[in-house]
Amino acid sequence: MTDEALRKLVHDVNSKCSSLKGAAALLKDAAPAERMELLRLMAEQAKALAAALDRFPRLSGG
Amino acid sequence: MAKLNILVVEDDALSRKVMAAELKAHAVEFAETAAAARKKLAGGRYDVAFLDLELGPKDDCSGLTLIAPAVARRAYVVVMSGHDSEETVEKAYELGCHDFYSKGLVGESVARVLARFTRHKDLPETEKLFTNRFVTEDPETRAAVLDALKYASSDLPLLILGPSGTGKTSLARVLHEQSGRAGAFVAVNCAAYTEDLLEAELFGYRRGAFTGADGQRKGRLLEADGGTLFLDEIGAMSLSMQSKLLKAIEEKSFYPLGSDKPESSSFRVMSATLEDMPAMVQAGRLRFDFFQRLHGKTVALKPLSRRPADVTALVAHFTRGGRRLSFAAEAKERLLAHPWPGNIRELKRFVDLVTAGHEGRISGEAVELLLVQARAESPKPGGAALSEEQYRYAREHGLSALVDRIVDAAVARCLAENAGKKTKVLAELKVSTRLLYSSLERAGRGGL
């Protein structure tokens with residue numbers, strides 16, 4: 001379980017951080033409404049990542 | 001670049017936004033689930049399909065199931081990867097994916113993936129085959145493969161000869177893909193089973209056929225109906241099993257264990273071995289009629305040491321979508337001078353070691369050290385040491401049955417490689433006489 005949970009965590013961190021970086025690069029040229037939408041999705045993504053990090057010790061058994 | 005039709009299969013809303021911006025010069029459609037993607041693939045035509053493997057928080061790589069339909073629709077299939085396991089990456093390539101987009105990797109971008117697609121699109125069909133599905137730059141090997149491809153769509157059996165790790169299964173898969181057969185490619189490693197288990201695996205069984213047969217199971221022969229049955233390490237098959245299989249191949253019909261109702265299956269047979277088959281016939285270990293039935297067209301694959309041009313081509317292939325490796329001149333020389341006794345499998349292990357532990361330019365000294373490691377390193381516990389199929393088998397039949405099966409397979413292979421000399425098996429496998437004889441007894445070869 002530990003290996004699988006860790007693999008999943010690494011996967012999530014990589015892909016979520018990658019889309020956060022990609023979205024951050026779009027902010028500068030985004031129209032105001034689009035920028036708000038991006039910020040909302042980025043905040044959701046960051047929260048999901050924090051939740052995954054928070055959950056990990058329980059999933060990995062310590 | 002011309003405007004492309006692109007399908008992006010991605011469950012994450014933010015990633016879809018980012019992809020939409022990165023691909024704004026093209027006609028892009030999105031699918032959030034595997035079901036939606038399947039529907040789009042069935043109705044649309046896409047030049048490129050970007051597939052996320054995990055579609056949903058509890059998803060178990062359902063994106064993998066989209067590779068085959070996307071390839072069938074002639075899309076350039078790109079798997080988007082955060083940090084997938086080696087097994088997943090290999091599985092994706094095995095299923096026919098063309099490229100990987102490693103999200104977050106320095107120097108990697110959607111634009112680079114599309115540039116690789118353009119290069120791929122402009123390649124002639126044979127180049128695509130030799131740079132993607134069966135990687136070789138060796139002129140003799142290319143000629144042998146192209147010659148075999150002429151027979152891909154016929155019903156003629158194909159026999160692939162070559163040392164272990166030279167790509168026999170990959171070639172069989174390519175030949176199946178080019179055969180136009182609608183059925184599946186079903187591969188069976190004959191050396192991995194005892195005689196009884198191989199019979200159950202090939203023919204299937206009904207409930208109560210033997211102790212432990214609690215349900216019924218479809219055999220591999222039936223799974224291969226309309227497709228290809230690939231028998232690897234055919235030399236490990238016992239004489240009585242050869243006889244049963246020969247009958248099934250010729251009559252296109254067979255009885256599952258414990259059944260009085262015949263099943264019919266029409267499949268094309270491909271087989272592979274590292275052994276000298278005529279010598280096996282002479283030694284009485286291979287039935288002549290079975291041999292005749294298997295060797296319609298023969299392709300021989302050379303060891304990697306005799307295909308030096310393939311070393312660098314394969315290194316590039318194994319690092320696709322990941323970090324590009326840079327070798328110092330001396331390191332390249334050492335790579336080319338190495339005899340690669342484990343062939344492509346050893347080279348793959350070497351590449352894994354390099355990518356995992358080396359940054360920057362790789363020196364000749366580092367190559368030398370890693371070559372020793374690649375040769376000597378034993379399989380990782382929980383990784384290659386236990387395949388998914390073995391784990392399922394242990395759960396179904398118990399761990400000791402799996403251990404017996406592994407022992408029997410190792411004994412059968414070692415016996416075959418040593419022309420049946422038991423003293424050699426005892427020495428090479430470092431086992432007791434008792435263990436050897438109990439294994440032979442189980443395999444019905446006690447009198448050998």
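User: How are α19(B) and α21(B) oriented to each other: roughly parallel, roughly antiparallel, roughly perpendicular or oblique?

Analyst: This is a predicted model, in which local features need pLDDT of at least 70 and side-chain atom pairs count only at pLDDT 80 or more, while totals for chains, interfaces and linings use all residues. Residues are numbered from 1 along each chain as its sequence is written, and chains are lettered from A and ligands numbered from 1 in the order in which they are written. Helices are DSSP runs (H or I, at least four residues), numbered from the N terminus. Axes are lines fitted to C-alpha atoms over the stretch in contact, with angles from 0 to 180 degrees between N-to-C directions; under 35 degrees counts as roughly parallel, over 145 as roughly antiparallel, 65 to 115 as roughly perpendicular and the rest as oblique. Here helix α19 (residues 399-417) of chain B and helix α21 (residues 433-442) of chain B pack at about 95°, their axes 9 Å apart, and α19(B) and α21(B) are therefore roughly perpendicular.

User: Which residues of α19(B) and α21(B) meet?

Analyst: Contact means that C-beta atoms, placed from the backbone, lie within 7 Å. D404(B), V407(B), D408(B) and V411(B) of α19(B) meet L435(B), L436(B), S439(B) and R442(B) of α21(B).

User: How many residues of chain A are in contact with chain B?

Analyst: In the model, 15 residues of chain A contact 13 residues of chain B. On the chain A side, α1 (2-27) and α2 (32-60) are the elements giving two or more residues, and α1(A) provides the largest share, 11 residues. The model scores ipTM 0.87 and pTM 0.60.

Key:
Contact = placed C-beta atoms within 7 Å.
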